[in-house]
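Subject: Structure handover

Hello,

Here is the structure for you to open. My notes on what was found follow below it.

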Amino acid sequence: MPKLGMEPIRRDAIVKATIAELGANKSLDVTVSQIAKRAGISSALAHHYFGGKDQIFLAAMRRIMSDFGAEAVTELNKAAPDQRAQAIIRACFAPSCFTADATRAWMTFYVLAQTNDSALQLWRVYQRRIRSNLRHAFRGQTDDPDAAARTLIALIDGLYIRAALTAPGEPREAVDHALRVLDMLLKDQP
């Protein structure tokens with residue numbers, strides 16, 4: 001007989017274990033058995049809750065994106081209208097989002113999105129949202145908000161790639177670097 005109320009707890013444990021395993025292994029070669037072992041459950045139970053490895057990876061990325069979304073809402077609520085882009089940068093590199101495990105999970109997610117339609121769709125949703133938020137943030141500050149948004153997205157992605165290949169370093173360093181580039185983008189305006 002299943003224990004009532006355990007499903008959300010176990011799902012959460014599986015998602016956290018997936019992010020940790022992706023961070024530890026630095027590849028998609030993580031097995032459901034490894035994830036389940038880290039979560040303290042059987043691999044059969046992990047399959048029961050999610051269906052398969054790709055679905056578990058997608059749940060982990062949804063969690064990472066949800067954590068980023070919560071950071072973004074918090075930062076945007078505190079920001080003045082002309083500081084929205086800076087708020088998004090702070091959210092991208094918040095200590096809760098810019099961890100070794102999360103940056104490595106992003107890299108494996110990019111790889112998965114090349115062959116998995118659901119992952120690609122999730123990536124597209126994320127891209128549309130961040131681009132829309134940045135375009136809105138740049139309105140009135142630059143002649144081409146879309147180009148500024150694309151530039152900043154490329155910078156953010158690049159900083160995540162660098163962190164995944166080396167070590168995340170201090171989130172403050174990434175924030176400072178991104179803010180310097182943002183200042184350069186805005187200073188070039190007439």
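The count comes to nine aromatic pairs. Rings of Phe, Tyr and Trp (its six-membered ring) pair if their centres lie within 6.5 Å; planes under 30 degrees apart are stacked, over 60 edge-to-face, and the rest tilted. This is a predicted model: local features need pLDDT of at least 70, side-chain atom pairs count only at pLDDT 80 or more, and totals for chains, interfaces and linings use all residues. Residues are numbered from 1 along each chain as its sequence is written, and side-chain values use heavy atoms, with hydrogens and water left out.

One of the pairs is Phe68 with Tyr126, edge-to-face, at 6.2 Å centre to centre and 70 degrees between the planes. Phe68 lies in helix α4 (residues 53–78) and Tyr126 in helix α7, so the pair ties together parts 58 residues apart in sequence. Helices are DSSP runs (H or I, at least four residues), numbered from the N terminus. Phe68 is buried at 14% relative accessible area, and Tyr126 is buried at 10%. Buried means under 20% relative accessible area, exposed over 50%, partly exposed in between (1.4 Å probe, protein chains only).

Phe98 and Tyr160 also pair: their ring centres are 5.0 Å apart with planes at 75 degrees, so this pair is edge-to-face. Phe98 sits in the loop between α5 (84–92) and α6 (100–113), and Tyr160 in helix α8 (residues 145–165), 62 residues apart. Phe98 is buried at 5%, and Tyr160 at 8%. Ring pairs join a cluster whose members include Phe68, Phe98, Trp106, Tyr126 and Tyr160.

Now α7 itself. Helix α7 (residues 117–138) has 22 residues and reaches 31 Å from first C-alpha to last, close to the 32 Å expected. The expected span is 1.5 Å times one less than the number of residues. Its buried residues include Leu122, Tyr126, Ile130 and Leu134. Seen down the axis of α7, the buried residues fall within an arc of 135 degrees, so they line one face. The arc is that of the directions from the helix axis to the C-beta atoms. On the other side of α7, Asp117 and Arg129 are exposed. Just after α7, Gly140 takes a positive phi of about 85 degrees.

Cys92 is buried at 2% relative accessibility, and Cys97 is buried at 5%.

Best wishes

Technical notes: Helices (H or I, at least four residues) and strands (E, at least two) are DSSP runs, numbered from the N terminus.
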